[in-house]
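Look first at the overall outline of the chain, then at its secondary structure, and last at a few single residues. The text below follows that order.

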Amino acid sequence: MTAPAPGEAAAKSSIEEVERQFAHMLAAARRTFKESALAVHPSLQPLGFTVLMTLYQGAECQQGAVAETLQVDKALLSRTVSQLESLGLVCRRSDPADGRAQLLTLTAEGRARFESAHSAKRSRLRDRLETWHPDEVDRLAELLNKLNERD
C-alpha cells in the first residue's frame, strides 16, 4: 500500500478540519435555535421556532409545503402548528383552492415574538463578523454560496 502524496494528505486533513468545524457550527446552531425558541415561549421547541422563521420569510403558506421545506413528518408538523396556534403565534385556515390543505400565517404576536428572538440571534453573528475585515466577510459569503450551490 502506498502512502498518499503530500498534497493529498494535506487536502484530506483540511477537509477533516472543515468537517469538524461544521459539526461544531451545527451544534452551536442547535443551541441557538433552542435558546431562540425559549425566548419566544418557554414551552416552544426548536422546530416551532423554525416554523415561525419559515413563515416569517414568506407569505401565507400551505402546511404541507412547510413540512416539505423543513423535511419533517407531516404529523409532527401538525402537532407543532397546533401548539403555535394555541400560543397565538400562528393562524391556520383551510386553503380555498384545496379544501384538504391548511394555510399558515404568522399572527401579529407571532411576528413580534419571532423578530425579538431572531434579532438577538442575528446580533451575535453580526457582532462577530463586524470584527472581521470586509474582504474576509465577502470571501466567507462567496465560499458558503459555492458550498450551497446545487448540482
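**Charge, extent and fold**

The chain carries 20 positive and 21 negative side chains, and the centres of these two sets are 6 Å apart. In this count Lys and Arg are positive and Asp and Glu negative, while His and the chain ends are not counted; each charge is placed at NZ of Lys, CZ of Arg, CG of Asp or CD of Glu.

This is a predicted model, in which local features need pLDDT of at least 70 and side-chain atom pairs count only at pLDDT 80 or more, whereas totals for chains, interfaces and linings use all residues. Residues are numbered from 1 along each chain as its sequence is written, and side-chain values use heavy atoms, with hydrogens and water left out.

Six helices and three strands make up the secondary structure of the chain; these are DSSP runs numbered from the N terminus, helices (H or I) having at least four residues and strands (E) at least two. Along the sequence their pattern is α-α-β-α-α-β-β-α-α. The chain is more spread out than a compact globule, because its radius of gyration is 20 Å, well over the 15 Å that the globule rule gives for 151 residues. That radius is taken over C-alpha atoms, and the rule is 2.2 Å times the number of residues to the power 0.38. The C-alpha trace spans about 65 × 40 × 25 Å along its principal axes.

Of the 151 residues, 23% are buried, where buried means under 20% relative accessible area, exposed over 50%, and partly exposed in between (1.4 Å probe, protein chains only).

**The sheet**

The three strands form an open antiparallel sheet in the order E1-E3-E2. Strand E1 (61–62) and strand E2 (90–95) are the edge strands, each pairing on one side only. Pairing requires that DSSP finds at least two bridges between two strands. E1 and strand E3 (residues 98–106) run antiparallel and are joined by two bridges. Gln62 has Leu103 in E3 as its bridge partner.

**Two single residues**

Gln71 sits in the loop between helix H3 (63–70) and helix H4 (74–86). Its phi is near 55°, a positive value in a residue other than glycine. Most residues other than glycine have a negative phi. Gln71 is exposed, with a relative accessible area of 67%.

Leu76 lies in helix H4 and is partly exposed, at a relative accessible area of 35%. Between Leu76 and Arg128 there are 52 residues of sequence separation and, C-alpha to C-alpha, 35 Å in space.
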